[in-house]
Amino acid sequence: GIPYWDTVVPNSDVPAFLNDAEWADPLFNSNFPNPWNGADIDFVNQKVARGVNTDQLSKQGPKGYDTWSWKQYLYALEQENYCDFEVQFELAHNAIHSWLGGSELYSMGHLHYASYDPAFVLHHSN
């Protein structure tokens, strides 16, 4: 199965499995390169980069759970027509791209390279 990452709750960083260089396979009792850690972008001869904005990921509202993402998704759900819902939902969705990619070119924050980051699959499967 695909791991789950709740991007709405405050996080001090991305989940460890996105950063760990190796993955311990309990079935074969071996370590392998972690497929969630990054990837090569062969056609530009670059690796995926991450410029994680931990300030935004960990920012809590006055109640603790009321993060910017939580409020934005709630605001999207309050819309009375699809067009307004979609615009507000995209704002929350795109924030994760920006917060993971930062100003890095070959990252989730750049339209042309976002899908090369394994975190892209995780973000779009939630």
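Mentor: With a 1.4 Å probe and the protein chains only, a residue is called buried under 20% relative accessible area, exposed over 50%, and partly exposed in between. On that scale D40 is partly exposed, at a relative accessible area of 46%, whereas K47 is exposed, at 52%. The model is a predicted one, in which local features need pLDDT of at least 70 and side-chain atom pairs pLDDT 80 or more, while totals for chains, interfaces and linings use all residues. Residues are numbered from 1 along each chain as its sequence is written, and side-chain values rest on heavy atoms, without hydrogens or water.

Two salt bridges are present in the structure (a side-chain nitrogen of Lys or Arg within 4 Å of a carboxyl oxygen of Asp or Glu). One of them joins the side chains of D40 and K47, with 3.2 Å from N to O. Another is formed by D117 and R50, where the distance from N to O is 2.6 Å. This pair bridges distant parts of the chain: D117 belongs to the loop between helix 4 and helix 5, R50 belongs to the loop between strand 4 (46-47) and helix 2, and 67 residues separate them. D117 counts as buried because its relative accessibility is 0%.

These elements are DSSP runs numbered from the N terminus, helices being H or I with at least four residues and strands being E with at least two. The chain contains five helices and four strands, in the order α-β-β-β-β-α-α-α-α from the N terminus on. Of its 126 residues, 33% count as buried. Its C-alpha trace spans about 50 × 35 × 25 Å along the principal axes.

V44 lies in the loop between strand 3 (40-41) and strand 4. V44 is partly exposed, as its relative accessible area is 23%. Although V44 and Y106 stand 62 residues apart in sequence, their C-alpha atoms are 9.4 Å apart in space. Another loop, between strand 1 (22-25) and strand 2 (30-33), holds F28. F28 is exposed because its relative accessibility reaches 56%.

The wider surroundings also include a pocket. On a 1 Å grid over the protein atoms alone, a pocket is an open set of points with protein on both sides within 12 Å along at least five of seven lines, and lining residues have an atom within 4 Å of a point. The largest pocket holds about 220 Å³ of space, the volume being that filled by probe spheres set on points joined across faces, edges and corners. Its lining consists of Y4, W5, D6, T7, V8, Y73, F89, H93, H123, H124 and N126. Helix 4 (82-101) and helix 5 (118-125) are the elements that each give two or more residues to this lining. By class, the lining of the largest pocket comprises five nonpolar, five polar and one charged residues (nonpolar: Ala, Val, Leu, Ile, Met, Phe, Trp, Tyr, Cys and Pro; charged: Asp, Glu, Lys and Arg; polar: the others, Gly among them).

To return to the charged contacts: D40 meets K47 at 3.2 Å, with D40 partly exposed and K47 exposed. D117 meets R50 at 2.6 Å, and D117 is buried.

Key: 1 Å grid on protein atoms, 1.4 Å probe; cavity = no way out; pocket = protein on both sides within 12 Å on 5 of 7 lines; lining within 4 Å.
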